[in-house]
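Me: Hey, can you walk me through this one? I'm new to reading structures.

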Amino acid sequence: MINITLPDGAVKQVAQGSTPLDIAKSISEGLARNIISAKFNETTVETTTPLLEDGDLTLYGWGTTEGKKAFWHSSSHVVAQALEELYPGIKLTIGPAIENGFYYDVDFGNHSISEKDFPNIEKKALEIARGKHDFKMREVSKADALAYYDEQQNIYKVELIENLTDGEITFCDHSTFTDLCRGGHIPNTGIIKAIKILSVAGAYWRGDENNTQLTRVYGISFPKQKELTEYLALLEEAKKRDHRKLGKELELFTFSQRVGQGLPLWLPKGAALRERLEDFLKKAQKKAGYEMVVTPHIGQKELYVTSGHYAKYGEDSFQPIETPKQDEEFLLKPMNCPHHCEIYNASPFSYKDLPKRYAEFGTVYRYEQSGELHGLTRVRGFTQDDAHIFCTPDQLNDEFKNVIDLSLYVLGSLGFENFTAQVSVRDLEKPEKYIGSVENWEKAEQAIIDAAEERGLNFVVESGEAAFYGPKLDFMVKDALGRNWQLGTIQVDYNLPERFDLTYKGSDNELHRPVMIHRAPFGSLERFVALLLEHTGGNFPLWLIPQQAIVLPVSEKHEKYAEKVLNSLENHEIRALIDNRNETVGKKIREAELKKIPFMLIVGENEEEAETIAVRKHGGDDLGSLSVKRFSDLVSKEINSTLKSF
């Protein structure tokens with residue numbers, strides 16, 4: 001007999017060799033019907049895996065992240081089988097689950113695939129799924145695995161196997177299909193009731209543009225057709241909210257091949273939006289005791305060698321800039337923190353001077369591969385709302401909590417109410433990924449957990465998600481479409497103060513090392529604007545939107561009164577313009593609706609006589625005739641309801 005501990009602490013004694021499914025059945029038949037994946041002693045296992053020792057067992061259904069991961073990974077096997085049957089001779093590579101669905105990278109050889117082929121692939125995959133084939137894992141020797149894929153002439157699987165050793169190679173079989181796989185499947189294919197192929201795209205083998213370009217087939221699947229229908233409706237809404245589409249329609253930003261891929265150009269309305277976001281944060285930062293600094297866009301290579309950024313990112317970043325002086329090299333700035341360390345180093349500090357809080361809207365540059373660029377969410381040049389706090393160890397807890405408060409204020413003022421905090425710590429099995437001593441890492445990780453608990457945050461701990469120089473607290477926000485995004489980050493760093501030899505004089509008259517906190521509530525302005533666009537559908541909070549109102553004169557003879565109204569609006573600090581084109585009011589309203597302008601102020605003969613404006617709200621609500629003063633009060637009330645004081 002073995003002892004199995006369940007998540008609620010209950011211990012079940014079962015026969016050695018019992019499977020997770022057996023244990024689920026011993027609890028209830030209903031539970032067993034809904035279990036599709038399991039984890040035993042922190043390792044993902046099949047529901048049919050025999051358990052041979054004491055341990056902790058977690059059972060997952062469709063409604064869990066782990067359950068969906070197993071479901072979608074299993075579905076990628078089914079789609080891969082369908083592709084092999086429809087396109088003989090293709091070469092399969094890898095097919096993981098992703099946040100929403102799965103993909104499979106395929107070398108199609110002489111075959112081609114396009115959207116018109118999707119229905120046939122879906123039909124074949126569902127036909128396979130209905131066979132209710134069990135997923136069965138088996139261990140394979142390296143020699144046999146290589147022989148199997150050599151026979152298929154699949155150079156990609158051979159390359160993967162060559163990097164493995166005997167004892168860590170497993171195959172998964174279902175129906176007539178076999179694939180190299182580490183495991184994590186649902187019990188059988190029959191659980192899959194709906195499959196949709198979403199798109200195809202190019203993808204280099206192993207992400208290296210020097211390798212063969214493969215075809216990445218994206219798909220998603222569900223245990224009920226109804227759920228697929230709902231998901232596709234959500235996708236349609238997401239297309240309408242795509243920040244690239246809205247950014248063009250609202251005239252916020254553009255890109256130019258002549259300027260370069262991944263380098264956004266902000267148009268006047270977009271620049272005004274950015275400026276308002278910056279002013280909003282600057283005002284809060286000033287109250288919180290931050291000082292603004294400015295640093296150059298480049299720095300000597302040695303600066304980033306000292307910080308460790310060059311060793312970690314040098315090969316994947318923009319290459320060094322050589323000057324006429326021999327052996328002198330500069331880099332485009334990949335991070336602001338080394339520059340801020342040097343600002344701190346410019347003056348001697350005592351413990352009485354700390355904390356020092358330096359903030360900057362600093363533009364940084366990273367050479368993302370062209371295939372990974374995506375609108376404003378993945379760019380090569382972006383502006384971080386960066387700040388670095390240098391404090392004593394005794395001040396760390398309070399400073400970290402203050403940054404949490406600032407981050408929550410930012411998210412709340414912009415309508416991001418649904419979020420989870422994630423404490424990102426190092427992967428203990430891969431110490432080579434990180435710099436600094438184990439002692440400092442342990443202190444930093446505990447400091448973040450303590451602060452998160454004291455602020456009552458709902459948080460999870462994720463191993464392996466830390467930055468190379470320190471752990472961090474990330475805010476994982478769920479948007480209006482139910483998608484999760486990482487917005488805002490706070491990091492504790494004991495390592496850069498060591499590398500840059502940062503010191504302060506303590507009360508004992510000795511030199512001590514400060515602790516460094518990195519923080520960026522927006523993350524980057526580019527990505528934040530993109531997510532805000534999609535979250536709001538372009539209907540920005542009234543305090544933020546570049547144009548709050550538009551004055552629409554009924555005819556040419558009312559333009560003088562429209563100018564008077566505009567001046568009065570400006571005196572009340574309302575951002576407005578006049579549309580005095582020779583068009584009908586109806587057409588002007590329709591175009592203002594498309595531009596998502598919150599208020600349309602119509603002025604005609606009646607309004608001029610009464611010195612009022614006819615107010616129409618975006619979306620069609622008619623608020624009647626109001627004085628400019630009363631309209632201004634209405635705008636102020638709406639702004640104050642969303643924008644709280646910090």
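**Rings, helices and a sheet**

Reply: Let's start with Y148, which is partly exposed, with a relative accessible area of 27%. Buried means under 20% relative accessible area, exposed over 50%, and partly exposed is in between (1.4 Å probe, protein chains only). Mind that this is a predicted model: local features need pLDDT of at least 70, side-chain atom pairs count only at pLDDT 80 or more, and totals for chains, interfaces and linings use all residues. Residues are numbered from 1 along each chain as its sequence is written, and side-chain values use heavy atoms, leaving out hydrogens and water.

Me: OK, and is Y149 buried or exposed?
Reply: Y149 is buried, with a relative accessible area of 2%.

Me: How many aromatic pairs are there in the whole structure?
Reply: A search finds 23. Rings of Phe, Tyr and Trp (its six-membered ring) pair if their centres lie within 6.5 Å; planes under 30 degrees apart count as stacked, over 60 as edge-to-face and the rest as tilted. One of the pairs is Y148 with Y149, edge-to-face at 4.9 Å centre to centre, with 90° between the planes. Ring pairs also link W62, F71, W72, F222 and Y231 into a cluster.

Me: What sits over the ring of Y367?
Reply: The charged end of R380, 4.1 Å from the ring's centre. That label needs NZ of Lys or CZ of Arg within 6 Å of the ring centre and within 35 degrees of the ring normal. Likewise, R519 has its charged end over the ring of Y290, 4.9 Å from the centre.

Me: Switching to helices. Which residues of α1 are buried?
Reply: In α1 (residues 20-27), P20, L21, I23 and A24 are buried. They are on the same side of α1, because they cover an arc of only 160° around the axis. The arc is that of the directions from the helix axis to the C-beta atoms. Helices (H or I, at least four residues) and strands (E, at least two) are DSSP runs, numbered from the N terminus.

Me: And what covers those buried residues of α1?
Reply: Among the elements covering them are β1 (2-5), α2 (29-34) and β5 (55-60). Contact here means heavy atoms within 4.5 Å.

Me: Which residue in β23 is the bridge partner of V423?
Reply: V461.

Note on methods: Two strands pair if DSSP finds at least two bridges between them.
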